[in-house]
Amino acid sequence: MNISYNWLKDYILLDESPEEVVDILTQIGLEVDSIEEVETVKGGMRGLIIGEVVTCEKHPNSDHLSKTTVNIGKGELLPIICGAPNVAAGQKVVVATEGTTLYAGEQKFTIKKSKIRGEVSNGMICAEDEIGIGTNHTGIIVLDDSAKVGTPASEYYKIEQDWRIAVNLTPNRIDACSHIGVARDLAAFLRKTKNIGYSRPTVSNFKTENNNLEIGVEITNTEACPRYSGVTISGVEVKESPAWLKNRLKAIGLNPINNVVDITNYVLFEIGQPLHAFDAEEITGKKIVVKTMPAGTKIITLDEVERELHENDLIICNIEEGMCIGGVFGGMKSRIKNSTKNIFLESAYFNPVYIRKTARRHGLNTDASFRYERGINPNDVIYALKRAALLIKEVAGGTISSEIVDIYPQPIEDFKVDISYSNITRVIGKEIACEQIKSILASLEIKIENETEKGLSLLIPPYRIDVKREADVIEEILRIYGYNNVETPTSIRSSLQTFEKPDINHIRNIIAEMLTAKGFNEIWSNSLTKAGYYEGLENFSDEKTVKLLNPLSADLNGMRQTLLFGGLETIAYNANRQNKNLRFYEFGNCYSYKGTHIKEHPETNYNEEEHLGLFITGNKEDENWTEKEQPVSFFTIKTYAENILKRTGFNIGKMQIDETWNELLSEGLDYRINNKTVLELGIVSKKITKRFDLETNIYYADFKWEHLIDINKKHKVVFEELPKFHTVRRDLALLIDKTVKFSMIKDTAFKAERLILRSVNLFDVYEGRGIAEGQKSYAVSFFLRDDHQTLKDKQIDKTMQKLVTAFECELGAQLR
């Protein structure tokens, strides 16, 4: 939200510079993103001077140019060549002198001394659009005779210098979403050092002048619209806004439209109360009806888009049709037009949930919806209405032609909160005087209902939607008291903490550091994702997706069931920017709905599990002159994944490993311990990668991290001496059936020899010439060691014969 420094000073007497104000705002929780010096006209009209055309004659070498001399009050006349058809001697004009920079949108150009068709020109006589005060380019600006020669144009046009302060509001601080709201917080902070407050413009002179245009109001959905008020103003003249109003809006980055609409915007940013003005002639039946309409009803909004309404969209209607989407966007037909003479001015309090859902459904985010969906002050509805009505009378004329209609069946009460002095001291870490606490609360418009020796009973105004607990009030006291005023304690109070073994964070950091050292980058994708990713899947079906009731957008309407889609989004983002050799990892929680409906413990209806995902695509190494490009493969992801298992203490040889195919992985492996899957890895299905326009192979590994940690808890670290005796290696070339896997050979070997067989390794696989169809050749190495004595040839040969016999009997193997 943008705040104007000059506008802010209308409500609070500030001696502080803009930079000092920015520092204070940041201290009290209104973080400032930026501060920018602005002027009502870009460039501030520097170098522009009021001059008088002394002579004007036809250019000797052109039919459409004039040769003039201009007096700018500096003694010497300036020769200027002018192309405007209306230039004449005796005119008071605006002159851009040599070196002046003029702006045309984002472009700029500098006036230089030059020759035009052989004649010297030392400046330029300006048109409206050339100095930024209008769009007319049919001729130069001709000023009144009263304009004084030599006067800077900035002084003549009363150009204001201001500072635009961009405040980064958190969603809970909608109370500060206006100039008066910011002034209130500033006054509360500055009140500690000087006697200062803030003031609101008076509306005491508001009165109904006649009842010539009465428009009734009916609310059929009081849940969606707890309060609705309005008043009519007759005989207005819709025209361009006065300079002061346009300057205020431009200072915060708004474009003026017309005087009536500009006043509604002005009051919005002054008070924080959205308003809407209707052309009263378009209110058929002279009655406003606030209601929802049947699904599919059409309405054309101010952007000239025909929108189809949802059954829960709140609509402001006349007796025949909808006129605008309440709290979100105005309608085209009932808008304020240049011909409008009579208006109905609306000020209301709408249910934040209704407005939020409507805005999301239609993809709209307006200044009004931004405030309504966060919760405005229901007690400012009438004040803002009176303030706007008086300002419209001032800038557009007219008379207030009806009593204020105010429908407010169930007034919103203040929140009640009790606080104790002891808790304030305990939480803040410093004792603050009771009188100072009460002064801070009063400056924040928090009323004290009752006071005791131990604490206070408070009434919190309803616009402070973020202050409903004792802790919230203490936070308010602290931010106004000043975080910097709380001294660093001389003692530290802490408690000893013990951590359950294994230390999950420690293990996570070990794996993260290992992967980073191998060239991986960690990614954090959003837990909110597009529910449509899961449509048509079985294992990750759409029914299992945890859906959001109030999604921010259609792309963030569900909780992720897998890390895969977030990783693919990141890969696609990088691939589109020619970054194709990628290695990512992510630790994150995945969520699913069980399909149960246990009301007593609703959390049991859902699953939440932590996973670790690895993603690899592209080449093993970036392009260089020393090595040829070699794409990553299935075995690349397999190596990294198994290294993680080994680093966390698992013996891969004792795990169940099976081939797997599913809707996410076209081919892969499933690693299980005690029939529980702890890892799945493989090639991502082409059907999935096509959704992200990815053509290369993507390799993905999914660790069930919580399962791994649970199993890891049972691991015992055992230390043993380094072997004193040598290990012996023997190799066998086995001719086996194609269906036999290496894991079967390994299991058979360890069943046959448990004492001295230490490990088994497959180092070559051959199929082809010399091998019968349906068979393959495995070259397997066996490592033998006796920890008590040196192995002898006789013992080694006996063991190897035992292994060969076992392979022949159980696997049908033959020695080659």
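Me: How many aromatic pairs does a search of the whole structure find?
Reply: It finds 17 aromatic pairs. Keep in mind that this is a predicted model.

Me: Ok, take tryptophan 244 and tyrosine 266. Why is that pair edge-to-face?
Reply: The ring planes of tryptophan 244 and tyrosine 266 sit at 90°, and planes over 60 degrees apart count as edge-to-face. Their centres are 5.6 Å apart.

Me: Where are the two in the chain?
Reply: Tryptophan 244 is in helix α6 (residues 243-251) and tyrosine 266 is in helix α7 (residues 259-271). They're 22 residues apart, so the pair links distant parts of the chain.

Me: And tyrosine 266, buried or exposed?
Reply: Buried, because its relative accessibility is 4%, and the cut-off for that is under 20%. Tryptophan 244 comes out as partly exposed, at 32%.

Me: What about tyrosine 533 and phenylalanine 565, how are those rings arranged?
Reply: Stacked, since their planes are at 20°. The ring centres are 5.0 Å apart.

Me: Which parts does that pair tie together?
Reply: Tyrosine 533 is in the loop between β28 (528-529) and β29 (558-559), while phenylalanine 565 belongs to helix α15 (residues 564-575). So the pair ties together parts 32 residues apart in sequence. Tyrosine 533 is buried at 10% relative accessible area, and phenylalanine 565 is buried too, at 1%.

Me: Which residues do ring pairs link into a cluster?
Reply: Tyr533, Tyr534, Phe565 and Phe692.

Me: Switching topic. How many residues has the largest nonpolar core?
Reply: 84 residues, and the ones with the most contacts inside it are Ile12, Leu25 and Ile477. Helix α10 (residues 381-396) supplies the largest share of this core, 10 residues. Apart from it there's another core of 37 residues, including Ile316 and Val381.

Me: What does leucine 25 touch?
Reply: Leaving out residues up to four places away in sequence, leucine 25 touches Leu30, Glu31, Val32, Ile165, Val167, Val182 and Leu186.

Me: Last one, helix packing. At what angle do α14 and α18 pack?
Reply: About 115°, with the axes of α14 (residues 504-517) and α18 (residues 705-712) 12 Å apart. The crossing is right-handed.

Me: Which residues meet there?
Reply: From α14, Ile504, Ile507, Arg508 and Ile511; from α18, Trp705, Ile709 and Asn712. By class, that contact has 5 nonpolar, 1 polar and 1 charged residues.

Note on methods:
Residues numbered from 1 in each chain as written. Predicted model: local features only at pLDDT ≥ 70, side-chain atom pairs only at ≥ 80, totals over all residues. Heavy atoms only, no water. Axes fitted to C-alpha atoms, helices over the stretch in contact; angles between N-to-C directions. Helix = DSSP H or I, 4+ residues; strand = E, 2+ residues; numbered from the N terminus. Left-handed = near helix turned anticlockwise from the far one by under 90°. Contact = heavy atoms within 4.5 Å. Nonpolar A, V, L, I, M, F, W, Y, C, P; charged D, E, K, R; others polar. Core = buried A, V, L, I, M, F, W, Y, C linked by side-chain atoms within 4.5 Å. Buried < 20%, exposed > 50% of the residue type's maximum accessible area, 1.4 Å probe, protein only. Phe/Tyr/Trp six-rings, centres within 6.5 Å; stacked < 30°, edge-to-face > 60°.
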